[in-house]
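Subject: Structure handover

Hello,

Here is the structure for you to take over. My notes on what was found follow below it.

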Amino acid sequence: MLLPAYPGIAWGLGDLRSLDPEDRSQEWSFGFAYILEDVIYAGEEASGTDLVPLFTYSGKHLFLDSTDFGWHAVDTSAWQLDLFASYYIQGYNDHSFFYETGAVRPNDDALKGMVRKNTVEAGLELTRKTDFGRFSLQLRQDAHGVHHGGEVRARWAKVFRGNRWQLEPWAEYNTLAAGKADYYYGVREDEVTDTRPAYTLEDGSIWGVGVAGRYAVGRHHQFNLNLAYRGYGGDIGASPIVARDRGSSLQFGYRYEFGGEKLPLGDEDFNFVTNNARRSAVRAAYGCSTEVKFVEILQGDIGCSDLDTELASVFVSRQLTERMVTLPIEGWLQLGLGRRFENNLQDDFWEGVFAFKALFRQFPWSDSVETRVGFSNGVSYTGRVPALEQEKAARKNRRESHLLHYLEFSLDVSVGDLLRVDSMRNLFAGFYVHHRSGIFASSNYYKNVDGGSNANMLYLEWEF
């Protein structure tokens, strides 16, 4: 059983350490990481766990490492300058309820009545590459209007490489500006209780040491084991909501690296975006939201919710490989944009999806009528929390989140094969389930949401 996550040590790309910092292989991968960490905040839990998705891309110029997306603006043998956006995970939820039982927490719980949000930060990192390691200076600033603060990180790391393994010891020192330190470790006047006085921070500092280990099994399987130990200085340790000024964390991760053959479209070197001969697809869909569970929909229970809300979506996809785990299962990358129509319950809004899809089409009858079955795994971000999710969260007295885990099941057939029209054989008509969830409240990445929503969708997709 997955354990609930609790606020503890702030983490992001730097802590997960999935990728070799010198990797420019243009490989995509996805997986999960399990994190066990000490909780520095006051309260009943001394340690907590988190389950987070891993999505990576190691391009020559662009990179994605789960919580960070960026651009290698300068990348030479001696210097590297990266510009990036980072999903900063240090927020915590109102501790009014125990996550496992739903029971009400006591009134003197250290964080009861307090809510702090995760945010998106933008920044740049300058790295000097030497024989003694990589020396980096990173500047980051809140870009989402949450804490309005910034941070400076100084870091050293060096990678030792074997045939299939890597070890990367590292050390860093971070200085937090007043806005960021006060937001995550301070107590506002309207949050004061008999046991929790007001507290304002002028600054904060965090130092850390650790080691990141990586091991490859075959061409596709990547394992990570990362250890870290951190200390909190400045005004952080004296905060009434901070119980300890030191803590450790352990993170174990697995990623499946697609490793497909890189097929250039022209004479130039392969580029995933501009010079890629792999197949692409565009899908347009429309459907309705439903309260029926994902598994029940797959069993044939298809219908719309009483709220009568709807979803329109457009997806673009690019094939990554024709075989996964030596099986005739294709791997695809998906990017989706949806429009949620909320039936006057609230303003309509947009939704974005990033996912990897496994697609199977080699059925015995596919020579006559090509049939495809797909399953996708990724993330979904909505401009507003859908009305159906708000209603379900209110029933359970649980939190909501704009960012949730995305799952999709799809089934379609070739329109050209059905109609015996050769020019339409790459046009597919079908049905898919559009699923958002918090993975049963197991992930602080999704704000410990227990629940989500589904939509039943009809679509047309063109492969080219």
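**Salt bridges and charges**

Lys 262 has a relative accessible area of 29%, so Lys 262 is partly exposed (buried means under 20% relative accessible area, exposed over 50%, partly exposed in between, with a 1.4 Å probe and protein chains only). Before the rest, note that this is a predicted model, in which local features need pLDDT of at least 70 and side-chain atom pairs count only at pLDDT 80 or more, while totals for chains, interfaces and linings use all residues. Residues are numbered from 1 along each chain as its sequence is written, and side-chain values use heavy atoms, with hydrogens and water left out.

Lys 262 meets Glu 27 in a salt bridge, at 2.9 Å from N to O (a salt bridge is a side-chain nitrogen of Lys or Arg within 4 Å of a carboxyl oxygen of Asp or Glu). Glu 27 is in the loop between α1 (13-16) and β1, and Lys 262 in the loop between β13 and β14, so the pair ties together parts that are 235 residues apart in sequence. Helices (H or I, at least four residues) and strands (E, at least two) are DSSP runs, numbered from the N terminus. Glu 27 counts as buried, at 13% relative accessibility.

The count of salt bridges comes to 34. One of them joins Glu 151 and Arg 153, with the closest N and O atoms 2.8 Å apart; Glu 151 is buried at 4%, and Arg 153 is buried at 17%. Through shared partners, salt bridges also join Arg 279, Glu 330, Arg 361, Glu 370, Arg 372, Asp 412, Glu 461 and Glu 463 into one network. Arg 372 also lies over the face of Phe 428, 4.0 Å from the ring centre (a charge sits over a ring if NZ of Lys or CZ of Arg is within 6 Å of the ring centre and within 35 degrees of the ring normal).

**Core and rings**

The largest nonpolar core has 28 residues, and Trp 28, Phe 258, Phe 354, Phe 356 and Tyr 445 touch the most other members (such a core is a set of buried Ala, Val, Leu, Ile, Met, Phe, Trp, Tyr and Cys residues joined through side-chain atoms within 4.5 Å). Strands β1 (28-38), β2 (47-58), β17 (349-360) and β19 (403-414) each give two or more residues to this core. The largest share, five residues, comes from β2.

There are 25 aromatic pairs in the whole structure (rings of Phe, Tyr and Trp, the last by its six-membered ring, pair if their centres lie within 6.5 Å; planes under 30 degrees apart count as stacked, over 60 as edge-to-face and the rest as tilted). Tyr 57 and Phe 272 make a tilted pair, 6.1 Å centre to centre with 50° between the planes. Tyr 57 lies in strand β2 and Phe 272 in the loop between β13 (246-257) and β14, so this pair ties together parts that are 215 residues apart in sequence. Both Tyr 57 and Phe 272 are buried.

**Disulfide**

The whole structure holds one disulfide (a pair of cysteine sulfur atoms within 2.5 Å). Cys 288 and Cys 304 form this link, with their sulfur atoms 1.9 Å apart. The link is left-handed, with -80° about the S-S bond.

Regards
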